Amino acid sequence: MASHALGKGNNNSLMIQGTSSGSPKKCFFMVQILIRTLATAFTVAAISIMVTSTQSISLFGYNLVLHFSDTSAMRYLFGSDIAACVCSVLSLICVFLLSRSGSDLKHYFYLFLHDMVIMLLLMSGCAAATAIAYVSKYGEHKVGWMAGCDNVPKFCNRISISIVLSFLAFFCFVMLTIMSSKKLMSRPIE
């Protein structure tokens, strides 16, 4: 009886070990879905704040209305956020479908390429917008560029928040790229 219970315990432990091998795959897809959802949320928030960042001021008798589309760097960040948001939603659907069905090595490779391209797109958009925001906030006195955020603090603060949210989306795609590449490196070549 004791040996039967021991054997039964061994079978249960084998069964637990057998089911735990599927668990890392499920965990991988759950984390992928979570991070892609966060990236989508960050880009949607960045887009909505960027679109609503408008301020009007009166300067020397002229009424000026500032909008994000006045600078090419902010338009580029806006476009890269939209592209990242759309691609993130599409990849979220793909990852969800992949988690339901079997996936082979090429699917992980495509995920890796997708995440890397979106990561680079967001990195370039964030870098361009950060450079303009920095000059707007602090100026560049060596070349005579004056800081402008003293006159339009609401506009500058909203743009800064949008840039921070875009950077958070960028870091989500950095994590996704690292996860996909790690998954590729750990799988044997078929």
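How far apart are the end C-alpha atoms of residues 159-179, and what percentage of the chain there is helix? The end C-alpha atoms lie 30 Å apart, and the span is 100% helix and 0% strand. Helices (H or I, at least four residues) and strands (E, at least two) are DSSP runs, numbered from the N terminus.

The model is predicted: local features need pLDDT of at least 70, side-chain atom pairs count only at pLDDT 80 or more, and totals for chains, interfaces and linings use all residues. Residues are numbered from 1 along each chain as its sequence is written, and side-chain values use heavy atoms, without hydrogens and water.

An unreviewed UniProt entry places "transmembrane region" at residues 33-53, 73-98, 110-135 and 159-179. Such annotations may be inferred rather than shown by experiment, and their positions follow the numbering used here, with feature names shortened. Residues 73-98 are 100% helix and 0% strand, with end C-alpha atoms 36 Å apart.

Helix α5 covers residues 153-186 and includes S180. S180 counts as buried because its relative accessibility is 1%; buried means under 20% relative accessible area (1.4 Å probe, protein chains only). Leaving out residues up to four places away in sequence, S180 touches Q32, Y108, L111, F112 and D115. Contact means heavy atoms within 4.5 Å.

A nonpolar core is a set of buried Ala, Val, Leu, Ile, Met, Phe, Trp, Tyr and Cys residues joined through side-chain atoms within 4.5 Å. The largest has 20 residues; F28, F29, I35, Y108, I118, L122 and F173 have the most contacts inside it. Two or more residues each come from α2 (23-51), α3 (72-100), α4 (105-138) and α5. Helix α5 gives the most, with 7 residues.

Definitions and conventions:
Buried < 20%, exposed > 50% of the residue type's maximum accessible area, 1.4 Å probe, protein only.
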